[in-house]
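This report describes a protein model, taking the single chain before the contact between chains. The sequence and structure come before the text.

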Number of protein chains: 2
Amino acid sequence: MDRIDPWGSLEISDYEHLFEDFGLEKLNDEMLSLDHKYFRRGLAVAHRDFKKIMKAMNEDEPFYCMTGFATSGKFHIGHKAVVDLIKFLKEQGAKLFIGICDIDAYTSRPDNKVPSIEASKENAVENLAHILSLGLDKEDVYIQSQMPPRYYEFSYELSKKITRNQFSAIYGHVNLGKISATLLQIADILNPQLEEFGKPMPGVVPIALEQDPHIRITRDVARKLSYDMVLPSSLNIKHVGGLQKGEKMSASKPRTAIFLSDSDEEIDKKIDEAYTGGRDTAEEQREKGAVIEEDKIYQLLRFHMDDDERLREIRRKYSSGEMLSGEIKQICKEELKNFLKDHRKKFKKNKSKAEDMVYG
Amino acid sequence: MDRIDPWGSLEISDYEHLFEDFGLEKLNDEMLSLDHKYFRRGLAVAHRDFKKIMKAMNEDEPFYCMTGFATSGKFHIGHKAVVDLIKFLKEQGAKLFIGICDIDAYTSRPDNKVPSIEASKENAVENLAHILSLGLDKEDVYIQSQMPPRYYEFSYELSKKITRNQFSAIYGHVNLGKISATLLQIADILNPQLEEFGKPMPGVVPIALEQDPHIRITRDVARKLSYDMVLPSSLNIKHVGGLQKGEKMSASKPRTAIFLSDSDEEIDKKIDEAYTGGRDTAEEQREKGAVIEEDKIYQLLRFHMDDDERLREIRRKYSSGEMLSGEIKQICKEELKNFLKDHRKKFKKNKSKAEDMVYG
């Protein structure tokens, strides 16, 4: 059985084995009928114990949604995709505990990526300002390095409930920085169930598939704790693929990512250079249509564009050959630039609020 | 080269190899002339870089003294011995950062010793009330679980500066609870030099010899940090030996220890049952005198008794055969009971202050 490296940066193209090897579950019909584009479009691909959350939603029982943004670099459109889902879960009644994870971003990343805790905090300000501008409220978000002492105490407590073998089996290596990050992440996921921060209740962590190891170890630990805890659920969404072939969207590889801080010129250039599923010549494209599964632009629109009708139309035209790569790129540029025009104004307003939150 | 296990519970009877193997230094004449019973009586046996502290004392420069009390059990006379030294260093100008280490006591100890963080905090209240009653002020002491977020952030930052190999080389095993304890201990020793808590300055950690690994790893880490730090010094004092042969005074073995919470009856019983260097018969004792180096009662008095003259007299009489084991035991009982009579009153008064500090 392969391990999944939650800190790796490759795209997971073969989802199928994860269901067999790790016990992830596929979404059932009720889940797939949830009223959000990710469910309609097959972008939510797997879950662990999400039935609990469906039940809580259906019965109007309290539940929470927790996810953490590791502040290892700039905020990109893949992060926005997660915020979109979080907002939907909030509308469904979830109490939000969204972590700006500045400490674990530093301890889990190599020095050439996050050279210091200070650098991580600078990223935190930028990330947080984007998140607030996307519509989350101050109360929905917390800064890892600004938590009350009980949070850290709890994170350290957890170290008694994880053996080294368990850690290596899941992560494949024992590195003190990653051990630290793991303790903090488990504390992030479980602390909403402590009496100091919340109460025992179902919780869902929307995360990418390759972060499933964090959920597995968290559930293992939760079982061993003497606190009353509901085992947390997860909801796995696909990655917004990188703009280049075979690469995840990654802050450390600017050509793969659309940053929410990109200028219009940068957007144009990145989209122009993006890998598409279009054919070699316009003629061939007209005849065969685009290979839509490999088209980075279409995949990005699938996450970003809200209008189902319009997206379906693009898909039909592009895959039939009626639309060329240049045209879909043009649509994508306009979509992004329209979105950013408004977003930049909000970002400007939220910057100092974010600074106040990060520096306490 | 043997490792030293800082969490072990055996007495280190052979100090000599530590100087060769680990680079500990012997006290020089200037140090030995410091005006405290431990220096006069050869109970301070080694140091690391204590010259810096001598210089700071001589030149009236700022320096600090940090030590941590792991709240893994009841407070005993061996802990009091450390407080005696801390008080002396305070008189010499040291700013005190005395940690009540409730988190690391839990993570570093097995569950059968410290079953929960709550149990650790109960011990913390008791330990702290004794420490305050011994004459340290509220301002001299901090509770690990009540520190500001920056302290914990710093502790986690440190995980980037310790490799797994370095950890195993020093501690011989990689256990997540002990890794946590080590991060916290290093943060305890170094945080007084962060701008948030103090400033870069020499600092001394008075500790038992077998805790030298903590100092070595702390100095290694301090060298790698980007903060401006003076490498911390240590001052090693001998253990107050346990009351039974070959055993360290340990809270988990009541017969080895005099607890500051013991009743007069318990004191009498423990002293009666203590191992002595007296001879098998009174006659033989009169003839040969006691083997004072093995006598647990005399060794205890060496730490506890303040009157040099009286101690010297006891030594002379007991080792010459003029005094019998029963007599020195009687002296010891009276010393302890006199001390505790006064101490109990103070403890009663300090209990609620300690509770307020531990529970925040």
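Chain A of this predicted model has 16 helices and six strands. The radius of gyration of chain A is 20 Å, close to the 21 Å that the globule rule gives for 360 residues, so chain A is as compact as a globular protein of that length. Taken along the principal axes, the C-alpha atoms of chain A fill a box of roughly 65 × 45 × 40 Å.

Two copies of a chain are related by a rotation about an axis and a shift along it.

In the contact between the chains, 33 residues of chain A meet 33 residues of chain B. The area buried between chain A and chain B is about 2800 Å², and carbon and sulfur atoms give 62% of that area. On the side of chain A, the residues that lose the most area to chain B are Tyr156(A), Lys160(A) and Leu176(A), which together account for 30% of what that side buries.

Polar contacts also cross the interface: the rule finds 12 residue pairs of this kind between chain A and chain B, both residues at pLDDT 80 or more. The elements of chain A that give two or more residues to the side touching chain B are α6 (102–108), α7 (117–133), α8 (149–157), α9 (164–171) and α10 (176–190). The residues of that side divide into 17 nonpolar, eight polar and eight charged.

Side chains of opposite charge can pair when their charged atoms come close. Over all chains the count comes to 70 salt bridges, and between chain A and chain B it is four. The table gives one pair across the interface and one pair inside chain A.

| Salt bridge | N to O distance |
|---|---|
| Lys160(B) and Asp111(A) | 3.0 Å |
| Lys248(A) and Glu210(A) | 2.4 Å |

Terms used. Residues are numbered from 1 along each chain as its sequence is written. Chains are lettered from A and ligands numbered from 1 in the order in which they are written. Side-chain values use heavy atoms; hydrogens and water are left out. Contact means heavy atoms within 4.5 Å. Buried area is the accessible area (1.4 Å probe) that two parts lose on being put together, summed over both. A salt bridge is a side-chain nitrogen of Lys or Arg within 4 Å of a carboxyl oxygen of Asp or Glu. A polar contact is a pair of N or O atoms within 3.5 Å; within protein, one must be able to donate a hydrogen and the other to accept it, and residues adjacent in sequence count only if both atoms are side-chain atoms. Helices (H or I, at least four residues) and strands (E, at least two) are DSSP runs, numbered from the N terminus. Ala, Val, Leu, Ile, Met, Phe, Trp, Tyr, Cys and Pro count as nonpolar, Asp, Glu, Lys and Arg as charged, and the others, Gly among them, as polar. The radius of gyration is taken over C-alpha atoms; the globule rule is 2.2 Å times the number of residues to the power 0.38.
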